[in-house]
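Here is a short note for a colleague who is opening this model for the first time. Please keep the view open while reading, and go through the points in order.

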Amino acid sequence: MGDPDRQAVNEIPFLVLILFLIAVLLRLDFIFYLVYVLFGVYVVSRWWTARGLRAIEVQRRFTDHAFLGERVTVELELRNGALLPIPWLRIHETVPLALHAPSYVRRVTSFRPREHTSISYDLDCRRRGYYPIGPLYLTSGDVFGFAKAERREAATDHLTVYPEIIPLTRLGFPSQSPFGTIKSQQHIFEDPARVTGVRDYRAGDSLRRIHWKASARQETLLVKKYEPAISLQTAIFLNLNRQEYGRRWRIDAPEWAIVVAASIASHLVEQRQAVGLMTNGRDLVAEDGNENEDDERDEGDEGDEGGGNGNGAPLPLPPRPGRLHLMKVLEVLARVEAQDTQPFSVWAQRASLPLSWGDTIVAITSTGDEETCRALHQLCRKGFNVVLVVVEPHGQFGLIRQRARQLGFPAFQVAHRRDVDGWRQ
């Protein structure tokens, strides 16, 4: 069924034609006059409505990145750029249902010549994701109902909601987790972020190591002593193969795995460690090819080997330090979704090719079955420091931990949120 208002507008020319025929047959001047007026008003209304709608200038303003739990205000600014007034304008903005109920924002207003107005609404970021904002539909008409015009704004903006980040200690890991940094017995490897004390200045010491405040107090030159450590790069292997998750946990467990990955990445960056992300999930942006490809084009040769499966998988993010790189990792984790892809044991071997010997691999997966443990054991034999993180509840996880220990890597169970306190105890 069509729009009743549009059908009524389309019937007006037939009404004018019928009146004209009646005027010709009856030769009544009054009907001729009525036809002329009606036809003139109809033509002017059509021209006025179409021209006025084209003159509407639209601009959408909002913060396109937000953390979970924040509220984002979207402001629509509309301006009538013509000298003609617009009797009425219906504004229909499409918004994601996950962030706003209902899934649209609708307003009706009018414009004087050169007038502008603003419409604002709030989006509740209660779930991570990559959400389209728009498109915007504008509908206008005249006061007589003779004309009606519609316009669709093709531009669609997007809002990225980062996943939740939980402090690592609340995830049930021990305080000294084997992520990123290991203590070294060779003092040639020193971490300048870990000051252990001071000592007397010796010839050849760099001026950068002098502790000026302590030297002023002691009235002698003192230099800082650093803890010997080796900073290892860490790559997070996030398994989002939907078939490897149990039917009961197929929806919640992948989302929880993404939260765990984001929390570990944030913890490593806070410790000034390099962290990377590789996942076999589906990224809508990588699938469309309209973002991140240009930034990662130089690393595209590694992308095919590092976990991309050609089905919209995001390009791998190599381990790098800094909060700017962390935001890139969180953006991917905000967009990625579980999909039917290669088994983790096969994908992990290909994903590890761009990594260097001695790097830490944090494998976040559903369960620690024998096939997964054998694949991680092969990574250990290649010289990687492997850590297994299981995100599904498992009644016999002690056997999995024992199997992993025998194969040379530690295993942790980080299941549902309600079990966090139990694991910590």
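**Notes on the model**

1. Start with an open sheet of three strands, in the order β2-β10-β7, with mixed pairing. Two strands count as paired if DSSP finds at least two bridges between them. Strands are DSSP runs (E, at least two residues) and helices are DSSP runs (H or I, at least four), both numbered from the N terminus. The edges are β2 (65–66) and β7 (129–133). Each edge strand has a single partner, so one side of each has no neighbour in the sheet.

2. A word on the source. This is a predicted model, in which local features need pLDDT of at least 70 and side-chain atom pairs count only at pLDDT 80 or more, while totals for chains, interfaces and linings use all residues. Residues are numbered from 1 along each chain as its sequence is written, and side-chain values use heavy atoms, with hydrogens and water left out.

3. Look next at how β2 meets β10 (residues 157–161). The two run parallel and are joined by two bridges. A66 stands opposite V161 in β10.

4. How many salt bridges are there? The count is 14, where a salt bridge is a side-chain nitrogen of Lys or Arg within 4 Å of a carboxyl oxygen of Asp or Glu. One of them joins the side chains of E77 and R61, at 2.5 Å from N to O. This pair links distant parts of the chain: E77 lies in strand β3 (residues 71–80) and R61 in strand β1 (residues 56–61), 16 residues apart. E77 has a relative accessible area of 22% and is partly exposed. R61 is also partly exposed, at 37%. The cut-offs are under 20% for buried and over 50% for exposed, with partly exposed in between (1.4 Å probe, protein chains only).

5. Two further salt bridges deserve a look. R199 and D205 meet at 3.1 Å, N to O. R199 is buried at 18%, and D205 is buried at 15%. E331 and R335 meet at 3.9 Å, N to O. They sit four residues apart in helix α8 (residues 323–335), so about one helical turn separates them. E331 is buried at 16%, and R335 is buried at 2%.

6. Is E93 buried or exposed? E93 is buried, with a relative accessible area of 0%. Its place is in strand β4 (residues 86–94). Salt bridges link E93 with R60 and D157 in a network.

7. Which residues does E93 touch, leaving aside neighbours within four places in sequence? Among them are L76, S103, Y104, V105, I133 and P135. Contact here means heavy atoms within 4.5 Å.

8. Finally, turn to the surface. Y201, L207, W212 and L221 form a nonpolar patch, with about 440 Å² of accessible area together. Y201 is in the loop between β12 (190–200) and α4 (212–218). Y201 is partly exposed, at 33%. Patches are made of residues with over 30% relative accessible area and no salt bridge; like charges are joined within 9 Å, and nonpolar side chains (Val, Leu, Ile, Met, Phe, Trp, Tyr) within 5 Å. Accessible areas come from the Shrake-Rupley method with a 1.4 Å probe; for residues, only the protein chains shown count as cover.
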